[in-house]
Number of protein chains: 2
Amino acid sequence: MLTVKTSTEAEKIIFDTFGGITVPTEEVSLLSSVGRVLAEDILANEDVPGFNRSTVDGFAVKASDTFGCSDSIPAILDFKGEVLMGESPTFAIDKDECAYVPTGGELPAGADAMVMLEFSEDYGDGTRAMLKPSAPGQHVTFRGDDVKVGQTVLKSGSRLSARHVAALASLGYSKVKVYKKLVVSVISTGDELIDVTENPVGAQIRDINSYELCGALLELGCEINRVGIVIDELPLLEKAVTDALEKSDMLIVSGGSSVGVKDATFKVYDKLGNVLFHGIAIKPGKPTILANIDGKPCFGLPGHPLAAFYVFNLFVKPLVIKMSGDLGTSKSLKKTLPVALSIPSNHGREECMGVRFVIKDGKEMVEPVYAKSGLVSNLSMIDGFIRIGRDCEGVSQGDEVEVELF
Amino acid sequence: MLTVKTSTEAEKIIFDTFGGITVPTEEVSLLSSVGRVLAEDILANEDVPGFNRSTVDGFAVKASDTFGCSDSIPAILDFKGEVLMGESPTFAIDKDECAYVPTGGELPAGADAMVMLEFSEDYGDGTRAMLKPSAPGQHVTFRGDDVKVGQTVLKSGSRLSARHVAALASLGYSKVKVYKKLVVSVISTGDELIDVTENPVGAQIRDINSYELCGALLELGCEINRVGIVIDELPLLEKAVTDALEKSDMLIVSGGSSVGVKDATFKVYDKLGNVLFHGIAIKPGKPTILANIDGKPCFGLPGHPLAAFYVFNLFVKPLVIKMSGDLGTSKSLKKTLPVALSIPSNHGREECMGVRFVIKDGKEMVEPVYAKSGLVSNLSMIDGFIRIGRDCEGVSQGDEVEVELF
């Protein structure tokens with residue numbers, strides 16, 4: 001018997017069943033990897049920096065040769081030569097010797113510190129005077145100081161951004177292994193639905209959900225297969241579901257509001273696979289279905305575009321992220337902010353409430369946008385949503401809430 | 001005479017000179033608009049909903065006919081018929097009449113309220129008994145309740161996300177006018193640089209900056225023209241700059257660390273156009289150049305990849321966003337969090353400090369990642385950065401800081 005699940009139970013079923021599935025991998029060029037999910041641990045294949053590098057213009061020395069020197073008692077060192085930028089020195093430094101090295105240049109073997117140019121003097125006789133002592137390691141970045149060969153720099157499962165690409169470039173990765181894009185099919189079903197390219201006649205309603213859901217999937221880096229509208233007759237829907245599953249890793253059917261739709265999706269899923277739950281105790285979004293067809297997750301989402309959006313964000317999105325290989329270690333998409341107005345809630349089931357950012361008394365806060373004010377108004381105004389627990393009477397003005405950003 | 005500018009002065013020069021430029025527009029299909037910047041105000045071209053819609057299954061009535069009714073004294077109304085989902089009623093409701101309307105269905109003319117099915121009884125003689133009174137407007141969403149025709153729903157300059165696409169679909173927009181992608185050319189210059197596909201010999205250094213900057217520009221929705229490495233000889237750099245500017249709206253040259261580079265970029269910019277500043281009092285990133293060549297912004301960024309990244313985020317990114325038409329009304333990319341460790345700073349110039357998120361005592365905080373720990377370590381670990389003012393001695397443990405996310 002399929003009973004309505006709490007959101008926690010639903011999350012557990014989703015992840016227990018499908019959380020272990022990850023899309024295959026492919027190799028892409030460095031710049032194509034921006035926004036993709038890394039599918040290998042990145043190890044430093046060399047020390048960084050690869051040589052002992054000076055951080056100043058000046059003289060490479062053995063620090064011990066400069067101990068105790070000063071303006072009045074300089075350390076007189078033999079000048080062995082100049083190291084050019086981008087070139088490795090062809091000589092080494094011995095006791096009482098020095099060499100000129102520019103910022104970023106390589107220290108000759110034997111040197112362990114730099115004396116800045118301004119604390120030296122050229123005696124014109126092949127020697128240089130050091131007027132200030134230098135400690136071992138001073139003004140030097142030693143080979144491997146940043147990263148040592150073999151060290152893990154980036155972990156598999158990271159979503160790659162510009163700074164990761166920079167780290168990869170610095171380690172010499174011109175290609176990287178990433179997860180393929182998760183392919184998701186999206187079907188809208190309902191007799192009263194028409195495509196956005198058509199004009200509604202009578203009480204026909206435009207298919208909003210397939211655009212909304214495909215938009216959200218694109219934002220998550222998925223490849224989409226927008227099937228569009230399917231009339232809610234069982235054979236048609238069954239064929240559409242079967243065809244879509246052949247091409248994709250996940251399926252989302254969202255119902256129109258006409259009477260037969262909820263049943264149609266359920267019946268098709270039940271016939272083709274195994275329905276795992278039918279109903280989540282959450283407002284909005286109760287009539288949510290999850291089925292397992294040939295090992296692929298198939299969701300049935302509410303017909304109402306706002307309800308579908310919340311259910312997508314709460315239950316589908318985390319699975320999309322997980323199946324895409326993304327371990328979620330990247331940028332946090334939650335903000336903790338006080339509420340500008342009290343929000344009552346006594347529905348006995350968990351509730352999602354759309355909110356928008358406002359500045360009040362010079363402080364960033366959120367205020368509720370009630371679904372009553374309508375669909376379009378909501379969609380165009382909300383910045384994110386908060387969750388109010390089923391046992392919670394609401395939120396009082398000034399309370400801090402965790403906002404999940406859209 | 002070009003003097004070093006404070007960050008505020010630099011921002012003012014950047015926006016005063018180029019803030020008024022916006023890329024041209026183009027029309028794209030609805031799903032292609034995800035992530036693009038809207039280039040027109042979106043007005044509701046119809047009322048939403050387009051008809052008086054029932055929010056329950058039940059009977060459309062004149063509310064006044066039900067006033068005072070109850071289980072014991074029901075209101076007996078003539079049944080005029082049933083409205084089908086997706087169809088407009090062909091009849092109206094008069095005094096003492098009712099009609100069945102499903103959830104989402106259209107109320108017949110004359111009706112101003114709904115009575116839920118469970119509070120009615122079928123007397124089997126062509127009448128229905130209403131057992132509960134309904135107030136005018138009860139269980140009804142009136143035409144235009146959500147949005148009225150002519151109302152502005154989305155403003156030009158909004159970065160379109162899934163929820164905006166949903167709002168556009170609900171209003172029947174199958175195409176929208178968006179700003180074209182800003183085209184940015186990126187050049188790395190320096191004799192010691194090699195591409196990431198090559199292996200460094202001696203003290204050669206890989207070109208990190210062009211990948212890092214192109215990655216960041218891709219994240220901002222730009223089209224990139226990665227010129228790659230140009231040797232820092234004036235005629236070569238001049239030709240590369242001229243060619244790049246022909247193909248793009250903005251140019252970024254970042255220098256290697258070799259001696260002649262800073263001068264080369266400056267000299268080429270100075271020859272081809274008008275250098276607006278040369279140096280910003282900020283750490284890291286002092287050697288930053290801005291020039292105006294044929295009305296196009298040309299930046300010269302530091303050669304060090306971390307310094308280039310900060311300068312890009314602080315000074316280039318805001319202009320990229322503005323020139324892309326994005327008015328920045330979308331998702332906030334800043335978070336206010338306490339610091340887990342004190343951060344000293346007494347440099348007399350503004351400082352940027354990389355930070356990463358940590359959980360301490362169960363609370364989200366940020367801790368500094370010192371540049372000293374190296375380039376790759378920094379790039380792979382930082383989640384964002386904070387700015388420490390030039391007159392500020394540092395930040396104490398527990399102080400709240402504003403974190404700009406990467």
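Asn313(A) touches Pro318(A), Phe385(A) and Phe406(A), leaving aside residues up to four places away in sequence; contact here means heavy atoms within 4.5 Å. Asn313(A) belongs to helix α6 (residues 305-323) of chain A. Helices (H or I, at least four residues) and strands (E, at least two) are DSSP runs, numbered from the N terminus. With a relative accessible area of 10%, Asn313(A) is buried. The classes used are buried for under 20% relative accessible area, exposed for over 50%, and partly exposed in between (1.4 Å probe, protein chains only). A polar atom of the Asn313(A) side chain lies 2.8 Å from the backbone oxygen of Phe309(A).

This is a predicted model, in which local features need pLDDT of at least 70, side-chain atom pairs count only at pLDDT 80 or more, and totals for chains, interfaces and linings use all residues. Residues are numbered from 1 along each chain as its sequence is written, chains are lettered from A and ligands numbered from 1 in the order in which they are written, and side-chain values use heavy atoms, with hydrogens and water left out.

## Interface between chains A and B

The interface brings 75 residues of chain A into contact with 76 residues of chain B. About 5,500 Å² is buried between the two chains, 65% of it on carbon and sulfur atoms. Buried area is the accessible area (1.4 Å probe) that two parts lose on being put together, summed over both.

Between chain A and chain B there are 4 salt bridges, a salt bridge being a side-chain nitrogen of Lys or Arg within 4 Å of a carboxyl oxygen of Asp or Glu. Asp383(B) and Arg163(A) form a salt bridge, with their closest N and O atoms 3.9 Å apart.

On the side of chain A that touches chain B, the elements giving two or more residues include β11 (152-154), α2 (162-170), α3 (209-219), β16 (223-230) and α7 (375-381). The largest share, 8 residues, comes from α2(A). The residues on this side of chain A divide into 38 nonpolar, 18 polar and 19 charged. In this division Ala, Val, Leu, Ile, Met, Phe, Trp, Tyr, Cys and Pro count as nonpolar, Asp, Glu, Lys and Arg as charged, and the others, Gly among them, as polar.

## Salt bridges within the chains

Over all chains the count comes to 36 salt bridges.

| Salt bridge | N to O distance |
|---|---|
| Asp195(A) and Arg226(A) | 3.6 Å |
| Lys12(B) and Asp16(B) | 2.7 Å |
| Asp326(B) and Arg159(B) | 3.0 Å |

Asp326(B) lies in the loop between α6 (305-323) and β22 (334-338) and Arg159(B) in the loop between β11 (152-154) and α2 (162-170), so the pair ties together parts that are 167 residues apart in sequence. Both Asp326(B) and Arg159(B) are buried. In chain A, salt bridges that share partners join Glu11(A), Glu350(A) and Arg387(A) into one network.

Lys12(B) and Asp16(B) both lie in helix α1 (residues 7-18) of chain B, 4 residues apart, about one turn of the helix. Both of these residues, Lys12(B) and Asp16(B), are exposed.

The side chains of Asp195(A) and Arg226(A) meet at 3.6 Å, N to O. Asp195(A) is in the loop between β14 (193-194) and β15 of chain A and Arg226(A) in strand β16, so the pair ties together parts that are 31 residues apart in sequence. Asp195(A) is buried at a relative accessible area of 15%, whereas Arg226(A) is partly exposed at 28%.

## Aromatic pairs

The structure holds 6 aromatic pairs over all chains. Rings of Phe, Tyr and Trp (its six-membered ring) pair if their centres lie within 6.5 Å; planes under 30 degrees apart count as stacked, over 60 as edge-to-face and the rest as tilted. Phe59(A) and Tyr100(A) form an edge-to-face pair, 5.8 Å centre to centre with 80° between the planes. The pair links strand β4 (residues 58-61) and strand β6 (residues 97-101) of chain A, its members being 41 residues apart. Phe59(A) is buried, with a relative accessible area of 4%, and Tyr100(A) counts as buried at 17%. Ring pairs link Phe59(A), Phe79(A) and Tyr100(A) into a cluster.

Key. Polar contact = N/O pair within 3.5 Å; in protein donor to acceptor, adjacent residues only side chain to side chain.
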